[in-house]
Structure formats: structure tokens, C-alpha cells
Amino acid sequence: MIRILLAEDDEAMRTYLARALENAGFDVVAVDRGTAAVPLLTHQRFDLLLSDIVMPEMDGIELAQCCADLSPATKVMFITGFAAVTLKANREAPQARVLSKPFHLKDLVMEVERLFIDHPLAGSGNPLS
């Protein structure tokens, strides 16, 4: 099963995204800030870091840089509602995908599945209706 570490400071959004990804067949661990994600990246294996960019304490770009050091095989995808922040993310983490808010949950699941198209368990979850 594909494991996703979700870092999102907005509780409602975090719950909403985690539920949608779990319903699509992914294993999701959700945290409310980047600093809470770092120890998990150190001690657990994740296939994807899905992170908001604008968060307190440690933004998503800093978290992605830590992820690259701690878990280089982990793919990174950002979610953000700020166009200017998207440009910064593309510049500082060019290997990461950026999904701009608002987005439909089907789009999120589709983007995650695309990242793992060659993974043996990709697409094994239930599609969202």
C-alpha cells in the first residue's frame, strides 16, 4: 500500500484530504505542521510527502528540503492556495508537483496515482465518485 505523509495545518482540510486519500486506498498519516512530520520521516517509510506550503514553524518547502535529506526516495507534492508561493515552490523544489487550491478531490487522487503509475499497488484503491 502506498504510504502518504500529509502535512496540513488547517484541521478541516487535513481531515478532508486524509479521508479522501484513505477512501482511494492509500495509507495516510496526517500531521498539523512540518516540525511534526520531520521525526516521522526519520523513523518511518513514506512514498509521498503531501504538504501545504504555508504553515507555521516550518513551511512546506523547508519540510521538502528536510525530506530530501532524510528520505530521498520519498516523492513530494505541494498543495497551496497562493500563486506566488507556487512560483517559489517550483523554483526551490523543481522535482515536486504543485496542486493549487481550490481543487477537486478527484484531481488530488488522480495526481497522486500519476506519481505512482509504475508502482505495483497504484490504482488499487477505490475511485472517488
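## Gly34 and its contacts

In this predicted model, Gly34 touches Met55, Met58 and Leu63, once its neighbours within four places in sequence are left aside. Gly34 belongs to helix α2. The relative accessible area of Gly34 is 0%. A residue counts as buried when this value is under 20%, so Gly34 is buried.

Glu62 gives a further example of residues brought together from separate parts of the sequence. Gly34 and Glu62 stand 28 residues apart along the sequence, and their C-alpha atoms are 8.1 Å apart in space. For the protein chain as a whole, consider the contacts with a separation of 6 or more: 63% of them are between residues 24 or more positions apart.

## The chain in outline

The protein chain contains five helices and five strands. Along the sequence they follow the pattern β-α-β-α-β-α-β-α-β-α. The chain has 129 residues, and 45% of them count as buried.

## The sheet

How are the five strands arranged in the sheet? They form an open sheet with parallel pairing, and the order is β2-β1-β3-β4-β5. The edge strands, β2 (27-31) and β5 (97-100), each pair on one side only. Neighbouring strands of the sheet are turned against each other by 20° on average, with direction ignored.

Strand β3 (residues 48-52) is joined to β1 (residues 3-7) by four bridges, and the two strands run parallel. Within this pairing, Leu5 is opposite Leu49 of β3, and Ala7 is opposite Ser51 of β3. Five bridges connect β3 to β4, again with the strands running parallel. Leu49 has Val76 as its bridge partner in β4.

## Burial of strand β3

Is β3 mostly covered or mostly open? The strand is mostly covered, as five of its five residues are buried. Leu48, Leu50 and Asp52 point one way from the strand, while Leu49 and Ser51 point the other way. In a regular strand, side chains alternate between the two faces of the sheet. In β3, the residues on both sides are buried.

## Helices on the sheet

Helix α2 (residues 34-43) lies across β1 and β2, and its direction is at about 140° to β2. Helix α3 (residues 60-70) also packs on the sheet, where it touches β1, β3 and β4 (75-80). The direction of α3 makes about 160° with that of β3.

## The nonpolar cores

The largest nonpolar core has 22 residues. Those with the most contacts inside this core are Ile4, Leu21, Phe26, Leu48, Leu50, Leu108 and Val112. At least two residues of the core come from each of β1, α1 (11-23), β3, β4 and α5 (105-115). Helix α5 supplies the largest share, five residues.

Which residues does Val112 touch, not counting those up to four places away in sequence? They are Ile4, Leu21, Phe26, Leu48 and Met77.

## Charges over rings

Two charged residues lie over the faces of phenylalanine rings. Arg3 is over the face of Phe46, at 4.5 Å from the ring centre. Lys75 is over the face of Phe116, at 5.4 Å from the ring centre. Pairs between aromatic rings are another matter: a search of the whole structure finds zero of them.

## Glu57 in a loop

Glu57 is located in the loop between β3 and α3. Its phi is near 70°, a positive value in a residue other than glycine. Is Glu57 buried or exposed? The relative accessible area of Glu57 is 58%. The cut-off for an exposed residue is over 50%, so Glu57 is exposed.

Key. Residues numbered from 1 in each chain as written. Predicted model: local features only at pLDDT ≥ 70, side-chain atom pairs only at ≥ 80, totals over all residues. Heavy atoms only, no water. Phe/Tyr/Trp six-rings, centres within 6.5 Å; stacked < 30°, edge-to-face > 60°. Lys NZ or Arg CZ within 6 Å of the ring centre and 35° of its normal. Pairing = 2+ DSSP bridges. Axes fitted to C-alpha atoms, helices over the stretch in contact; angles between N-to-C directions. Contact = heavy atoms within 4.5 Å. Core = buried A, V, L, I, M, F, W, Y, C linked by side-chain atoms within 4.5 Å. Buried < 20%, exposed > 50% of the residue type's maximum accessible area, 1.4 Å probe, protein only.
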